[in-house]
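Visitor: I'd like to learn how to read the contacts in a model like this one. Can you walk me through it?

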Amino acid sequence: MGDAFCSDCKRQTEVVFDHSAGDTVCSECGLVLESHSIDETSEWRTFANESGDNDPVRVGGPTNPLLADGGLSTVIAKPNGASGEFLSSSLGRWQNRGSNPDRGLILAFKTIATMSDRLGLVATIKDRANEIYKKVEDQKSSRGRNQDALLAACLYIACRQEDKPRTVKEICSVANGATKKEIGRAKEYIVKQLGLETGQSVEMGTIHAGDFMRRFCSNLGMNNQAVKAAQEAVQKSEEFDIRRSPISIAAAVIYIITQLSDDKKPLRDISLATGVAEGTIRNSYKDLYPHVSKIMPNWYAKEEDLKNLSSP
Amino acid sequence: MAADTVFGSSHVLDSSSSTSSHPLSPGAGVVPAIENVVSTVNLGCTLDLKAIALHAPNAEYNPKRLAAVMIRIKEPKTTALIFSSGKMVCTGAKSEQQSRLAARKHARIIQKLGFDVKFNGFKIQNIVAAYDFTFPINLIRLANSHFKFSVYEPELFPGLIYRMKQSKIMVQVFSSGKIAIAGAQKRDEILKAFENIYPILMSFRADK
């Protein structure tokens, strides 16, 4: 309610402000003087006692320092089950006209996120893998590489750096299409690039069988006693000169422990859980057999049980 | 000679490298055996690979896999890759002189087929040597203490790859005690690398 000059009545008239439509209307002739007025009053009310999870001041997801603008842009998502040969909505086609420089990065991050979800990795490992990928991408020389292998290798290195190593075979299983050899080569390449960029900062310790023990044992469903015995056994076995890959030693130790306990796991199950071939487990068992009495903790297995172990 | 310096003789005339007077240095005559020499030479004219493959004895040519003809000769037992530009790579020889002789023999084969070959720019690109220490080596401890130079990935490759700081020589160390030295272009680069790595590996012996 106020007074303004109406152009039709050519004099000052009483003007009504319609809040719902945002119009300023002359009350005598009905002419709309101003429309689309912007309401500058407060959008929501804040109470002291109610915090809740939604703070309306904050919008969008967490800023990503790796992306160029912090991840500010809005992305049009593909509607579920509506995909034709091309993006169904013209909005989607407009979005992907390819002007934003980060598109490759965003796609790579999404792939890394999918892979780490499949392995059940924590967010720290995923973020570290993203960082590693960004560092490698900054040096343009990585164009010709197999992208899948590169991403898988980033994830592999991130797991190693966080002291939660995953075997290359495990990474292989979630990386679509990358072979063990390709991932290995990509990993060497990344380590070299990171070393070139920030002189010798790459620190990755060698893997030990004990790092994988917990995971393999829980995959097989062994009970707590067996798991503890297996971890002790693997620690002791490192003193002996057994020339086998640590994963194979771990698999062989699990085989011995399960043979000594009540529920004997067949070789096939152990092979599936660890990714080691059955023949390799048998050969590692042959190598371990001479030292089995020194490796096995004596609270778990007595001498007679060890004698009952089948000689390879 | 190296034997004198091992016993710490004060009459050392030549200023040998510091590793020679190291108590763990290799004694006289302990030297790695050269297993493979790779060399290249330019024959100086374009070649018709199909004609060579058809007429030369012991020739393999699979253009879908590799754009070169592979010719093998029995003495010295070597393989040569011959490209259509006239460049040739000769591998498998056991010494530098044998590699040069073998490259000449291969060039003679091509010459007999009627091409106007020359022998330009013969260069030895790579020498590989092997040695057996006969004692097992603890690769994990070696990798942990020399982490700046070694790469040890038991999942990917059973041997530890040791890259020297000063040179581009690469040494592959296996837990059985056997080593392979590669990447040298001259014989004394190999000997120098061997002298450098000898004391390091002695200190990481795994047997009691």
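**Contacts and the interface**

Guide: Let's start with one residue: setting aside neighbours within four places in sequence, A:Gln259 is in contact (heavy atoms within 4.5 Å) with A:Lys264, A:Lys265 and A:Leu309. A:Gln259 sits in helix H9 of chain A, helices being DSSP runs of H or I, at least four residues, numbered from the N terminus. This is a predicted model, where local features need pLDDT of at least 70, side-chain atom pairs count only at pLDDT 80 or more, and totals for chains, interfaces and linings use all residues. Residues are numbered from 1 along each chain as written, chains are lettered from A in the order written, and side-chain values use heavy atoms, without hydrogens and water.

Visitor: How many residues of chain A are in contact with chain B?

Guide: 17 residues of chain A are in contact with 13 residues of chain B.

Visitor: And how much area do chain A and chain B bury between them?

Guide: The size of an interface is often given as the accessible area lost when the parts come together. Here chain A and chain B bury about 1,300 Å² (1.4 Å probe, summed over both), 55% of it on carbon and sulfur atoms.

Visitor: How many salt bridges does the rule find across the interface of chain A and chain B?

Guide: The rule wants a side-chain nitrogen of Lys or Arg within 4 Å of a carboxyl oxygen of Asp or Glu. It finds two across the interface of chain A and chain B. A:Arg160 pairs with B:Glu153 in a salt bridge, with the closest N and O atoms 2.9 Å apart.

Visitor: Which helix of chain A gives the most to the side that touches chain B?

Guide: That's H6(A), with four residues.

How values were computed. Buried area is the accessible area (1.4 Å probe) that two parts lose on being put together, summed over both. Helices (H or I, at least four residues) and strands (E, at least two) are DSSP runs, numbered from the N terminus.
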